[in-house]
Amino acid sequence: MSKEVLNELREKITATDSQLLSLIAKRQTLTAKVAETKVKHQISVRDKSREEQLLLRLIKQGQECGLDPHFITKLFQVIIEDSVLQQQSLLHEWANPDSRLQINRVAFLGKKGSYSYLATQKYFSRRPGDLVEIGCNSFAQIIDKVEKNEADFAVLPIENTSSGSINEVFDQLQHTRLNIVGELTHPIEHSLLVHEGVRLEDIKTVYTHPQVFAQCSHFLAGLGNIEVKTCDSTADAMVKVGELSAPNAAAIGSAESGHLYGLKAIKSDLANQKENHSRFIVVASQSIKVPLQVPAKTTVIMSTVQSPGALCDALTVLKNNNINMTKLESRPINGNPWEEMFYVDMLGNIEDGPMQLAFETLRGMTRYFKVLGCYPVEEISPTRIAASQALTEAQKE
Ligand SMILES: O=C(O)C(=O)C[C@]1(C(=O)O)C=C[C@@H](O)C=C1
């Protein structure tokens, strides 16, 4: 193929991609109007049966043009997820006009390129206002920035699918007056980052964050006799290796961020578990109002009385009010040996009748009870039934 033919084809692809972008933008304008209508008529943002119909039709239509049903499913799941999140964030803005800021000052762990930095970018890309990044060295410093009004929000990692709960963050939440106003899940894809030309067998020292060390322990054990040096964040690990001229050092971090420090990924997918995701919470001084059309989560902390079955009794209150608990974590109470503070995440809006009833009962039977926040659920489970149904139908034809 001559170079001119290739160039001509590429120009056509570029033009087609531009049309695709315009169509996606047009779809977004339409879904924003849908959001307005839903607010007026108090209809839920998510309508899974509409999504199913939509996917079924698209898969069929796509097949007529020779497009793979798996590809169509994946593509539209992403488009619908974006549409739901976009609508949720519009509804949130309309319900909380005072929280709309021109500038969002956000404190997070590490520097440019840390996973918390990537999560911050992702979360605030959907929100109005410019982002001012405030990189911090510790969780305590992050919380302090918001408490002293030097930052409007803090983004904190709370749990990871490989290494579990991040205890230090739970402990910070015990003592702060800040509120949880949001959450997000971000894929954590660890790569081994080195200077150009460095090979795996040259590496003698790996710089990493302790949580990342835990998440990649199998890979690191397989490297044999190497020295592991811990850093405050993955970005610090990248800075360190970026500055070192030694050809035998590597950092573990996101490949996407490695280039910020002149580093290149020589090995990816280092985590013990393939599905390696972190859940982050967003905290602020003021609580927010979550519109009833948006799926919500509420988080509380409580300490129960010291009697047999006290925790079980407290959780039964949730069960009796048909409240679905999504996480239960316990942490020691500082200064009270063998006593525990329980963190409970549950699905539902704090304004729901059953939740109010449950909290009233819990306040009366626990030693300590505090709502940490009610916030929109940001995890959008893709509509799968429709996809598998359509695939079966397509195979039959
Ligand atoms: O049709 C709606 O009700 C929409 O909100 C739009 C849309 C979509 O993007 O197609 C998004 C969310 C709903 O779950 C269903 C469909």
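Helix H3, spanning residues 69-95, comprises 27 residues and extends 38 Å from its first C-alpha to its last, close to the 39 Å expected at 1.5 Å a residue (the expected span being 1.5 Å times one less than the number of residues; helices are DSSP runs of H or I of at least four residues and strands are E runs of at least two, numbered from the N terminus). The model is a predicted one, in which local features need pLDDT of at least 70 and side-chain atom pairs count only at pLDDT 80 or more, whereas totals for chains, interfaces and linings use all residues. Residues are numbered from 1 along each chain as its sequence is written. Among the buried residues of H3 are Ile-72, Phe-76, Val-84 and Leu-91, where buried denotes 20 or more other C-beta atoms within 10 Å of the residue's own, exposed 12 or fewer, and partly exposed the range in between, with C-beta atoms placed from the backbone.

Helices H5 (residues 139-147) and H6 (residues 167-175) pack at an angle of about 35°, their axes lying 10 Å apart; axes are lines fitted to C-alpha atoms over the stretch in contact, and angles run from 0 to 180 degrees between N-to-C directions. Phe-139, Ala-140 and Ile-143 of H5 meet Glu-168, Val-169 and Gln-172 of H6 in this contact, defined by C-beta atoms, placed from the backbone, within 7 Å.

Asn-149, in the loop between H5 and strand S3 (153-160), has a positive phi of about 60° although it is not a glycine, and this residue is exposed, with 9 other C-beta atoms within 10 Å.

How values were computed
Contact = placed C-beta atoms within 7 Å.
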